[in-house]
Amino acid sequence: MTVFATIAYQCLKRDPKERPLMSDVVTALTTAFQYQCLKPPRTGSIPKVINVLTAMELKRRRSGILSVKIVEGIYVRRINPFAACNPFVTLKLSHTDLQSVHKTTVKHKESYPKWNEEFSLKVENIDVQSLHITVMSEQSVNKYDYLGRSSMESKEVSPDNPKTHNISVRTKHNGFLVCKLKLETVYKPLAYNQSLVNEYLSAMQKAAVETRDGPGLLVIIIHEARYLEKRELSCNPYVSVSFRDELRKTKTIMNDHYPEWKEKFTFTLDRPPRDDKLRLEVISTPWSRFLDKEESMGCVDIDLAHVVDEERIIDTYKLKGLGMLEVELQWRISNHITPNNDT
């Protein structure tokens, strides 16, 4: 059974180069079947099976988790010094079928932005994959400018030991220095002494626990709004957070079309919110209670099923109307939460 499970696990690899040859699979399965039927194999078959499993183990050791922390940018600038610079960083691994791109928050009009944001990337083959680091600038609603890019070989990082990198980010064509980026990385390979079968079963058991309809914590962080519609009177926005039958509110920021809240709301739930929607609405209050009533500046409805699958999302949502709202959503699984809704 060990041989059968090991080969099945390796045949499911995403990268075809990581899968064993069909001839090796047939040899290993034939020998294992002979043992199962209590018919000893021919002389020389056992070493061949051992070689196949050893090769699989060596391939397995090239995969793991790469943790990248974007610490800060140093003197972020553009070729055009008069253009606005609102930098953010994206991360992506090469040579993978996974299309996910990790993105930091946007730092407005900052030449020395500090992010301190950490991301985890699944490495399938550390010998060939590279980490692509791109610096972008948000210019307006749904419009981004490319500033520069840099790459780092995955094998440059240290296994199990954090390493600090100071990377130069340059434009692709003329090599203009956009900025220096400070990163912290650590690579965690799959355990050398751990059985492939035990690892596979452990992962399956963990997935079964984590994907069941158990309790958890929904975290909503309202970061900031941008490009809010200008009113004749002052703009005094706050965000209304509506989830299920509960309504929460951020603080009101007076006279600001680019407000930053950085406020967190939590909901303790007895099941994952796969079928739920979250409504966020930006509302402007009058500067005096004797004036007109509150006025909506735009809203957005967010489907939470994707949050449950990804566990953490930072995204900028376009409001119905004018403006953008940057929100962070998290789903934290817990088997020890008493079901109730509490902030």
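Reader: Let's start with Glu328: buried or exposed?

Author: Glu328 is buried, at 6% relative accessible area. Buried means under 20%, exposed over 50%, and partly exposed anything in between, using a 1.4 Å probe and protein chains only. Bear in mind that this is a predicted model, where local features need pLDDT of at least 70, side-chain atom pairs count only at pLDDT 80 or more, and totals for chains, interfaces and linings use all residues. Residues are numbered from 1 along each chain as its sequence is written, and side-chain values use heavy atoms, with hydrogens and water left out.

Reader: Which residue does Arg312 form a salt bridge with?

Author: That's Glu328, with the closest N and O atoms 3.1 Å apart. A salt bridge here is a side-chain nitrogen of Lys or Arg within 4 Å of a carboxyl oxygen of Asp or Glu. Arg312 belongs to strand E15 and Glu328 to strand E16, so the pair ties together parts 16 residues apart in sequence. Strands (E, at least two residues) and helices (H or I, at least four) are DSSP runs, numbered from the N terminus.

Reader: And Arg312, how accessible is that?

Author: Arg312 has 35% relative accessibility, so it counts as partly exposed.

Reader: How many salt bridges does the structure hold?

Author: Twelve. In one of them, the side chains of Arg226 and Glu326 meet at 3.3 Å, N to O. Arg226 is in strand E9 and Glu326 in strand E16, so this pair connects parts that are 100 residues apart in sequence. Both residues are buried.

Reader: Give me another one. Where do Asp276 and Arg244 sit?

Author: Those two form a salt bridge with their closest N and O atoms 2.9 Å apart. Asp276 is in the loop between E12 and E13, while Arg244 is in the loop between E10 and E11, 32 residues away. Asp276 counts as buried because its relative accessibility is 12%, whereas Arg244, at 30%, counts as partly exposed.

Reader: New topic: sheets. What's the strand order in the one with E9 and E16?

Author: It runs E12-E9-E16-E15, an open sheet of four strands with antiparallel pairing. Two strands pair if DSSP finds at least two bridges between them. E12 and E15 are the edge strands, each pairing on one side only. E9 and E12 are joined by eight bridges, and Leu217 stands opposite Thr268 in E12.

Reader: What about the sheet with E10?

Author: That's another open sheet of four strands, in the order E11-E10-E13-E14, again antiparallel. Strand E11 (246-249) and strand E14 (295-303) each have a single partner strand, so one side of each is left without a neighbour in the sheet. Four bridges join E10 (residues 237-243) to E11, with Arg248 in E11 as the bridge partner of Val241.

Reader: So what's in the largest nonpolar core?

Author: There are 30 residues in it, and Ile220, Ile222, Leu278, Leu280, Leu325 and Leu329 touch the most other members. Such a core is a set of buried Ala, Val, Leu, Ile, Met, Phe, Trp, Tyr and Cys residues joined through side-chain atoms within 4.5 Å. Elements that each supply at least two of its residues include E9, E10, helix H5 (305-310) and E16. A second, separate core has 26 residues, among them Val89, Val135, Val157 and Leu183.

Reader: Which residues does Ile220 touch?

Author: Leaving aside residues up to four places away in sequence, its partners include Val241, Phe265, Leu278 and Leu329. A contact means heavy atoms within 4.5 Å.
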